[in-house]
Amino acid sequence: MNLLEVKDLTIVYDTSEGTVHAVNGVSFEINNGETLGIVGETGAGKTTTARSLMRLLPEPQGIIKEGSITFDGKDVRNMSEKELRHMRGFDISMIFQDPMTALNPLLTVEDQIAESIREHTKLSKHESVIEARKMLEKVGIMAERGSEYPHQFSGGMQQRVVIAIALTCNPKLLIADEPTSALDVTIQAQVLKMIADLQQESGTAMILITHDLGVVAETCDKVAIMYAGEIVEYGKAEDVYGRILHPYTQGLFDSLPSLDKNVRRLKPIKGLMPDPTDLPKGCKFCPRCEFASEKCKETEPPLKELTPGHFVRCLRYEKESGVS
Amino acid sequence: MIKFIIKRILWMIPIFLGVLVIVFCLSYFMPGDPVQDKLGSSYTQEDYDALAHEMGLDRPFLVQMGDYIWGVVTRFDLGNAYSSNQTVLQMISARVPVSLAIGLLGTLLVIVLGIPIGVFSALKQNTVADYTITTFSIILASLPGFWLALMCIIVFCLNLRWLPASGLGSFKAWILPVVTNSLMSLASVTRMTRSSMLEVIRQDYIWTAKAKGLPSGKVIFKHALKNSLIPVITMVGGQLGIIVGGSVITETIFNIPGMGMLMVTAINKRDYPLILGITVIISIFVMVMNLLVDIVYSLIDPRIKSQFKSGKKMFIKKNDISFPPVKGQGGPGSGLKEAKEA
């Protein structure tokens, strides 16, 4: 059985300017210890998908409209507030994008870690602080610095504290939402390496949300490419990287700088993502796609399993015989 | 912490001296002649000169000011009142307790009611309860205090006959002065708490707290409330200083013998030393309140304390740099090459 199974997840935000279709029929699954990379540009619905797994969408605007989320055999959509609290931080935890704002400025870092431990175990205040300090050492911070406040740490150190908070209860699933985007380039690799090491050590499954295809290649078993709230390509990392199917995925690769080719200019994907309050009828990517035909504007392409485990949402592969 | 407080208190000395100079200048250059007032309509030049000499008003301006400031600083001597034969300090200290009691009770009301109502309103954002609270607080904050006090008297004292309209004879008599005196602050504090709370509960660290699995009570009281109170404390502190100094309007309307009433009498009688003394005392209240606010601040927010730790760089520490380098080298990106080659 899979640790996490997401099926046809559809999420909308009800705002005064209209309904925002943030996530439209997303499905994926993760096994114990596996890493899934979700890649896509800003506004593709990556963070919304991730937050919905813990039911941490902004209320009352964010609504899970359809689909199911099954974690460890339990239906997350129908969980009570108590079950949710038990799951958050204990079974699933999350690393947020910006460490500078993800820590409470008025509490010491050890207190912020220990708080999570106390919530999920029966340890006393003193014992939980000792545990918190052990956790700090694990992420490369001296235990004595536990009594300091977040503003006394650099950005990279703050992100380590955030990681310590997330991993302190040995969760089964870790959601890392662009954990290095807000960090200095020089320490991005360090932090990622540390997350990957700690993940491997504890056998935690991970969802890594990122813009960086390189990071995905290095750390992920599976990749999901998201565009306008849909998964456009999904499969094992080696399959996707070995044979790029969707034009959007190809566009993402082309817009990366490369060392081995003599390229003077990067090739960006032309155009902008469609307005999520008013999505196009057919293929969401077709206004920006160089292969788009008249049919693409009318027909919504289904997610097709082309080779075992490798899915793509594009009409160009309509006629190819897939896995049925 | 102690260093911080001492530093803060030392800063009050130049501020206090500055206040004394400004206040003295203001009263010196106020129109009207106290000597003439005292003598009445018929007097000779000799009488005038003699009295001016007796009151020390024939001396040069700077000597008068220096003498006054020296008296205040060394002996806390605020001079003698013109309108009675008591010293200014005696007159004021007879009035302070009443104003202090009304002010503190009012502030207590503001804190006990304003903050919880503000928090409640923020948590129920965009509901009927929230709209009601917001509307009422806007109305209350914009009503003139004297009008509100008069309306209260008409309703509760004249029509319903529940409460007495003046004096402080019984427990009941305290209700109206305290409430009307603090209603405006109450409304502003409620609004401030609400907006500050709304800002804080959208912060990322609130999501972090929720993602830890904390119950909503802990998220709100441990993480959100403390952070949102910082601007509220400034506001309460600032108003407390002024409230304690006595409210001229409330005390006049309800006929309460406090600082505000004394101020009015002093101004009517052109009792310059008394006006000066009251102003000095109020400014001391305001300074002390600001000191308290700053201390409370630094107790709540660790970032403020570290501003005062001079010369100590907080950001880069040794072990920040010495983290082991990544195996395999290359940043995020390098794996891409490998993958493409594969």
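This is a predicted model: local features need pLDDT of at least 70, side-chain atom pairs count only at pLDDT 80 or more; totals for chains, interfaces and linings use all residues.

Colleague: How many of the twelve residues of helix 4 of chain A are buried?

Modeller: The general idea is that an α-helix has 3.6 residues a turn, so residues three or four places apart point the same way. Here, helix 4 of chain A is mostly covered, with ten of its twelve residues buried, among them V109(A), I113(A), I117(A) and H120(A). Helix 4 (residues 109–120) of chain A reaches 18 Å from its first C-alpha to its last, close to the expected 16 Å.

Colleague: Which residues touch the most other members of the largest nonpolar core?

Modeller: That core has 151 residues, and those touching the most other members are V162(A), I163(A), A164(A), I175(A), I207(A), I225(A) and I278(B). Helix 13 (residues 272–300) of chain B gives the most to this core, with ten residues. If residues up to four places away in sequence are left out, A164(A) touches I113(A), M135(A), L136(A), K138(A) and V139(A), and I113(A) is one of the buried residues of helix 4 of chain A.

Colleague: Where in chain B is confidence lowest, and where is it highest?

Modeller: Chain B averages a pLDDT of 81, and 87% of the residues score at least 70. Confidence is lowest in helix 15 (residues 318–321) of chain B, at a mean of 40, and highest in helix 6 (residues 128–142) of chain B, at 92. Over residues 310–342 of chain B, pLDDT stays under 50. For the complex, the predictor gives an ipTM of 0.87 and a pTM of 0.78.

Note on methods:
Residues are numbered from 1 along each chain as its sequence is written. Chains are lettered from A and ligands numbered from 1 in the order in which they are written. Helices (H or I, at least four residues) and strands (E, at least two) are DSSP runs, numbered from the N terminus. The expected span of a helix is 1.5 Å times one less than its number of residues. A residue is buried if 20 or more other C-beta atoms lie within 10 Å of its own, exposed if 12 or fewer, and partly exposed in between; C-beta atoms are placed from the backbone. pLDDT is the predictor's confidence in each residue, from 0 to 100. Two residues are in contact if their C-beta atoms, placed from the backbone, lie within 7 Å. A nonpolar core is a set of buried Ala, Val, Leu, Ile, Met, Phe, Trp, Tyr and Cys residues joined through C-beta atoms within 7 Å.
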